[in-house]
Amino acid sequence: MIESKLDERRAAGMVQEKGKEPAGFHEPVLRAEVLDLLHPRPDQLYLDGTVGGGGHAREILEACDDCLLLAVDRDLEALSVARTALSDLRDRVRFMHGRFEMASEDIEVRDRGLDGAFLDLGVSSHQLDSDSRGFTFRRGVALDMRMDTSQGHDARRLLADASEAQLTSVFRDFGEEPKARRLAREIVKRRMTSPLETSDDLVAALVVALRRSPSPQDKARIFQAVRIAVNEEVESLKLALPAIREVLNEGAVLVVIAYHSIEDRVVKNAFRDWSKECICPPEFPICTCRGRSLGKTLTKRPIRPLPDEVERNARARSARMRAWQRAA
Ligand SMILES: C[S@@+](CC[C@H](N)C(=O)[O-])C[C@H]1O[C@@H](n2cnc3c(N)ncnc32)[C@H](O)[C@@H]1O
């Protein structure tokens, strides 16, 4: 069991070598670079939309004496861990349960705007480690995968209800699985006789689709794909970016760390579009839009962790960080 937990965390980039401390709730990814871009200042209000275990939140709060933080997570367990972890800073942090796109509706945020915002996307090792949360491909785990267990449909429901075409696109788009169609077909065939309820059921379908025993990396990709679909992670990000941009004060910076190429592309395209000076269609003879960019991208290319960070914290391996600044 312990061995397979390590396999899973390695496959998901959560652990580098046997014996090294697992990442996620422990070492904040690109810690110094995040602070450099956000540059927290006293009396200013910041958003951590993915507070998780509170690692980055602590860094932000400790970087300046009097700054304030709105700490959001859709996972109630994560919020409870963060509340405890940040109890010594409780006067300057306020917690909010929900999806990060909701942060822009917070009364204080609407009232005074944000002086900086941060998203560290994806899943934490805390979520992946708890069998009861059903994110894992370890044996005998009931599939759930909801970050917010108070609502929404779990992975069992997705595997039971999604059409073959929908499942194919989940495995192809989010899992980059070459045998996506075959896997979707196998799931649809199996669920006609008995529903897919556990990690073993999904792995068994994968064995048939691949016609071989799947590696931990194969399983990690497929389980990640289901997780992204269950939590509507890409949709949430697409809603959140413009919502957060709208409440950024002049000169405020939005920093996003993505671990999946689709999410990174969403961030890159949004930042590029917001930085354009003119958004009129090319056939317009004169500019009828605002003709002034909303702000500028601070990161021409995504910032990647240096090898020594990846060596310490394998979760950082796939991290790509981008930042955008609202015009003054
Ligand atoms: C990578 S962890 C964050 C780790 C955190 N930066 C730290 O240092 O401890 C990602 C967290 O974001 C949360 N999350 C993911 N998508 C979310 C969303 N759309 N809205 C709110 N929270 C989300 C997850 O529940 C998870 O706790």
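Colleague: Hi! Before we dig in, what counts as a disulfide here?

Modeller: A disulfide is a pair of cysteine sulfur atoms within 2.5 Å. This is a predicted model, where local features need pLDDT of at least 70, side-chain atom pairs count only at pLDDT 80 or more, and totals for chains, interfaces and linings use all residues. Residues are numbered from 1 along each chain as its sequence is written, and side-chain values use heavy atoms, with hydrogens and water left out.

Colleague: Thanks! How many disulfides does the structure hold?

Modeller: One. C64 and C67 form it, with their sulfur atoms 2.3 Å apart.

Colleague: And which hand does the link of C64 and C67 have?

Modeller: It is right-handed, with 135° about the S-S bond.

Colleague: New topic: how is the chain divided?

Modeller: Into domain 1 (2-125 + 234-326) and domain 2 (149-230); such bounds come from an automatic or database domain assignment. Their C-alpha centres lie 29 Å apart.

Colleague: What area is buried between domain 1 and domain 2?

Modeller: About 830 Å², and carbon and sulfur atoms give 62% of that. Buried area is the accessible area (1.4 Å probe) that two parts lose on being put together, summed over both.

Colleague: Which elements give two or more residues to domain 1's side?

Modeller: Those are α1 (2-11) and α13 (261-275). Helices (H or I, at least four residues) and strands (E, at least two) are DSSP runs, numbered from the N terminus.

Colleague: How many salt bridges cross that interface?

Modeller: Zero by the rule, which asks for a side-chain nitrogen of Lys or Arg within 4 Å of a carboxyl oxygen of Asp or Glu.

Colleague: And how many does the structure hold?

Modeller: There are 29 salt bridges. One of them joins the side chains of R94 and D106 at 2.7 Å, N to O. R94 sits in strand β3 (residues 93-97), while D106 is in the loop between β3 and α5 (107-112), twelve residues apart.
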